[in-house]
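Me: I want to go through this model term by term. For each label, show me the value and the cut-off behind it.

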Amino acid sequence: MNVYHNFLELIDYQWPIHWAAGFFDGMHVGHKRVILSADTPGAKRGVITFCPHPLALLKPDSAPPLLTPYPQQKHALLQELGVDVLLELPFTRELAAMSATDFLDSLCNSCQVAGISVGSNWHFGKAGAGNADFLREEANRRGFNACVSDMLTCGDDVVCSTRIRALLKDGNTTLAAQMLGRPFSVFGTVEHGQKLARQLGFPTANIALPASAALPRHGVYAVSAAIYGHTYSGIANLGMRPTISESIKIPRLEAHFPDYTGPDFYGEHVEVFLHRFIRDERRFANVDELKAQIAADVACHKTVVATV
C-alpha cells in the first residue's frame, strides 16, 4: 500500500484511483462497505482519511476517543481490504478552511479520479458544506463515479463508531464485535512493569494506553493475541490497577497467557483482542486476595475456552 500525505505527492501516480473517503475510526462493517465499493474496473482502490480527528483541532472538548488511535492499526486493516493507495492528510486549519469545490479541485488536479465512495452521512469541505448530493453533482460534471452507501444496521442499532464506543463502555464486547466485524482490540508496545504479577506466578504483558484511546469498561476480559506467529488465549485486566501503589496512575492492559512459555517480548507491538467481559476491576485488601482472584479468573478463562 502506497501512503501519501498531501495532494502533490500523488502527481506521479500513474493509475486511475477510485477513492473511499472518511475518517474510518474503528474500521467497522459500515466503513468496510464504503471502502469495498471503491471498485471501478481498471482503477486502483484508494482511501482518503485525516489525522488527527477533525474535532481534535476544531472542537477539542468534543473530540471523541478513538477506537483505532494508532495509525498502524488503521493501515493494517486497510491493507487487509486490498487498499492500494492511502492519502492520509494532516488535518490543519488550512485544510479545514478549504471549500468542498477546492478540495475536489486539488484531488482531481493531482491524480486520475475514477470515482469517490462515501457514506450517506459524509460531509467535507469548509463547515461540512459538501455532502452526498453535492458529490453526485460534481461527479457528473467532472466525469467520475460517485458511490454513496447507506448506513448499516445491526439489530435495532445503526452501525457507527459512536455506538461502538458506548457498547464498549458498557462492557458489551459481543455486540461491539458484530458491528466491527471482528473482536475489539487494544494495540500497543509491551512495556516493563513492576513485575508483581510475575512474582505472583502470573506473568503479564503490560501495555500503556494512550489518552486518545476509546477504552472499554474497566475490568477483566477473556482475550487472545498473536505472539511470534502463534495465537494464544488468556485473560487481561484493563484499568487503573487500584490494588497496586503507583506514583502515576494511567490506564493499562495487563494480559496473561497461561500457555505461553516463550521468551519475554518487551518492546514488541502486540494486538490483544477482547472477547468477553468477565468481571469489573476492583481493589483488593492485600496481595494474597489479588493472587487468589487472578487464579479464579484463569480458571474461568480455561472453562470458557474448553466450551467454545
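Me: Among contacts in the protein chain between residues at least 6 apart in sequence, what share joins residues at least 24 apart?

Reply: The share is 73%. Contact means heavy atoms within 4.5 Å. This is a predicted model, where local features need pLDDT of at least 70, side-chain atom pairs count only at pLDDT 80 or more, and totals for chains, interfaces and linings use all residues. Residues are numbered from 1 along each chain as its sequence is written, and side-chain values use heavy atoms, with hydrogens and water left out.

Me: How many helices and strands are there in the protein chain?

Reply: The chain has 10 helices and 14 strands. Both are DSSP runs numbered from the N terminus: helices are H or I with at least four residues, strands are E with at least two.

Me: What makes a residue count as buried?

Reply: Its relative accessible area is under 20%; over 50% is exposed, and in between is partly exposed (1.4 Å probe, protein chains only). Buried residues are 46% of the 308 in the protein chain.

Me: Which residues touch the most other members of the largest nonpolar core?

Reply: Phe 257, Val 272 and Leu 274, in a core of 33 residues. Such a core is a set of buried Ala, Val, Leu, Ile, Met, Phe, Trp, Tyr and Cys residues joined through side-chain atoms within 4.5 Å. Elements that give two or more residues to this core include α7 (161-169), β11 (219-227) and β14 (269-280). A second, separate core has 31 residues, among them Tyr 13, Val 85, Leu 87 and Phe 134.

Me: Why is the pair of Phe 7 and Phe 103 called edge-to-face?

Reply: Rings of Phe, Tyr and Trp (its six-membered ring) pair if their centres lie within 6.5 Å; planes under 30 degrees apart are stacked, over 60 edge-to-face, the rest tilted. Here the centres are 5.5 Å apart and the planes at 80 degrees, so the pair is edge-to-face. Phe 7 lies in the loop between β1 (2-4) and β2 (17-21) and Phe 103 in helix α5 (residues 100-110), so the pair ties together parts 96 residues apart in sequence.

Me: What is the angle between the planes of Tyr 221 and Phe 277?

Reply: The angle is 75 degrees, with 5.3 Å centre to centre, and this aromatic pair is also edge-to-face. Tyr 221 is in strand β11 and Phe 277 in strand β14, 56 residues apart. Both Tyr 221 and Phe 277 are buried.

Me: Where does Lys 74 lie?

Reply: Lys 74 lies over the face of Phe 23, at 4.1 Å from the ring centre. A charge sits over a ring if NZ of Lys or CZ of Arg is within 6 Å of the ring centre and within 35 degrees of the ring normal.
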